[in-house]
Amino acid sequence: MAKTAKKAPPTAPPPAPPADPMPSWVGPCVATLVDKPPPGAAWSYEVKWDGYRVELHIEPGRVRVLTRNGHDWTNRFPSIAAEAPQLGVNNAIIDGEAVVLDDKGRSDFGLLQRALGRRPGLHGPGEILLMAFDILYLDGRDLRRQPQAERRQFLKQLLASRDGSILLSEEVDADGAEFFRAACELGLEGIIAKRRDKPYHSGRRPEWLKIKCARRDWFVIVGYEPSTMPGAIGRLLLAARKVDELVYVGGCGTGWSNQESVALRELLNAIPAEKPPVGLKRKGAVFARPLLIAEVEYRAWTQDGKLRHPSFKGVREMEGPSDVYEINAQPMRTAVQ
């Protein structure tokens with residue numbers, strides 16, 4: 001009788017690869033500022049959110065919300081921390097921006113500051129959202145080595161169709177230049193462009209680019225604050241039209257050379273005002289008759305009606321009231337520069 005061959009014992013499955021250790025904190029990838037969006041299919045585009053960059057860490061029994069410098073701010077973002085366990089993951093690190101949205105769905109840094117209690121306002125911490133735009137670690141896998149497009153797919157699967165305090169920052173399928181133009185027309189801060197084929201690296205990187213919307217308008221110069229440098233200007237005091245009066249919209253302290261600063265002060269000293277042209281009490285301020293207007297580039301309006309990040313671009317005589325920015329007519333007028 002022929003011998004029956006013995007069956008080989010079943011082969012044991014290969015051992016699972018060891019899990020990647022979860023970092024306690026990852027320095028953020030920081031976008032490089034450029035003048036215009038890069039062309040081509042290698043880039044993806046998103047809205048640039050105006051808030052606090054944060055990193056959401058999810059672990060069994062623990063959630064942390066860390067700042068871009070690694071500080072633990074979990075207690076300042078209670079709604080984000082409370083919702084994180086509902087994502088259904090064991091471990092994750094999500095990169096994003098904590099924001100508060102205005103009534104038009106635009107992120108507003110002033111509203112965020114009020115929600116955090118730094119300034120009085122109607123918004124509370126429960127209204128702060130996390131706009132998530134990257135995922136760096138997920139259930140034992142360090143995803144930073146993966147291309148941006150693959151990380152994006154993991155994030156999309158995790159957050160797609162969610163409604164709450166943790167939302168997906170949507171990619172926009174459009175030409176970069178067209179998207180940038182539309183973003184500026186809507187009063188957004190700008191856009192972000194990311195190389196789809198690149199891994200995640202901490203620090204300022206060329207594979208993430210930011211393109212900011214700039215606005216330019218003309219404002220009445222109602223005076224100045226002297227500089228510590230003799231004969232020069234520290235800040236120009238600016239006003240806009242509101243119906244039939246001038247309203248103070250903040251000071252501008254950058255954009256001129258030393259020579260231009262001295263010349264501006266001489267111009268304003270030649271047209272002194274007997275009383276302030278706007279309702280402003282400022283110790284040491286020198287007020288001038290509202291005869292000159294300044295072209296100013298700025299990023300946005302603050303909630304209390306002041307220019308954000310203004311920079312002086314030029315000066316000329318005012319020919320008529322229509323030369324000056326009017327608050328009621330176009331409160332969020334933008335210009336792509």
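What share of the contacts in the chain with a separation of 6 or more comes from residues 24 or more positions apart? In this predicted model, such residues account for 68% of those contacts. The legends below begin with the whole chain and then turn to individual elements.

**Figure 1. Overall dimensions of the predicted chain.** The chain contains 5 helices and 18 strands. Its radius of gyration is 27 Å, well over the 20 Å given by the globule rule for 337 residues, so the chain is more spread out than a compact globule. Along the principal axes, the C-alpha atoms fill a box of roughly 125 × 40 × 40 Å. Of the 337 residues, 48% count as buried.

**Figure 2. The largest nonpolar core, which has 33 residues.** The members that touch the most other members are Leu-56, Phe-77, Ile-80, Ile-94, Ile-128, Leu-159 and Ile-166. At least two residues of this core are supplied by each of the strands β3 (52–59), β4 (62–67), β5 (92–99), β6 (129–138) and β8 (166–168). The helices α1 (78–83), α2 (109–115) and α3 (148–159) likewise supply at least two each. Setting aside residues up to four places away in sequence, Phe-77 touches Val-54, Val-65, Ala-98, Leu-116 and Ile-128. A second, separate core comprises 22 residues, among them Tyr-224, Val-249, Cys-252 and Leu-268.

**Figure 3. Helix α4 (residues 176–185) and its buried side.** Gly-176, Phe-179, Phe-180, Ala-183 and Cys-184 are the buried residues shown in this helix. They cover an arc of only 130° around the axis, which places them on the same side of α4. Their packing partners are the strands β2 (43–47), β9 (190–195) and β10 (203–212). Glu-178 and Glu-185 are exposed on the face turned away from the buried side.

**Figure 4. The two ends of helix α4.** At the start of the helix, a side-chain oxygen of Asp-175 reaches to within 3.1 Å of the backbone nitrogen of Ala-177. After the helix comes Gly-187, whose phi is positive, near 80°.

Figure 5. Is Val-222 buried or exposed? Its relative accessibility is 0%, so Val-222 counts as buried. With its neighbours within four places in sequence left aside, Val-222 is in contact with Leu-237, Leu-238, Ala-239, Leu-246, Pro-277, Val-278, Val-286, Phe-287 and Ala-288. The C-alpha atoms of Val-222 and Lys-275 are separated by 10 Å, although these two residues lie 53 residues apart along the chain.

Methods: Residues are numbered from 1 along each chain as its sequence is written. This is a predicted model: local features need pLDDT of at least 70, side-chain atom pairs count only at pLDDT 80 or more; totals for chains, interfaces and linings use all residues. Side-chain values use heavy atoms; hydrogens and water are left out. Buried means under 20% relative accessible area, exposed over 50%, partly exposed in between (1.4 Å probe, protein chains only). Helices (H or I, at least four residues) and strands (E, at least two) are DSSP runs, numbered from the N terminus. The arc is that of the directions from the helix axis to the C-beta atoms. Contact means heavy atoms within 4.5 Å. A polar contact is a pair of N or O atoms within 3.5 Å; within protein, one must be able to donate a hydrogen and the other to accept it, and residues adjacent in sequence count only if both atoms are side-chain atoms. A nonpolar core is a set of buried Ala, Val, Leu, Ile, Met, Phe, Trp, Tyr and Cys residues joined through side-chain atoms within 4.5 Å. The radius of gyration is taken over C-alpha atoms; the globule rule is 2.2 Å times the number of residues to the power 0.38.
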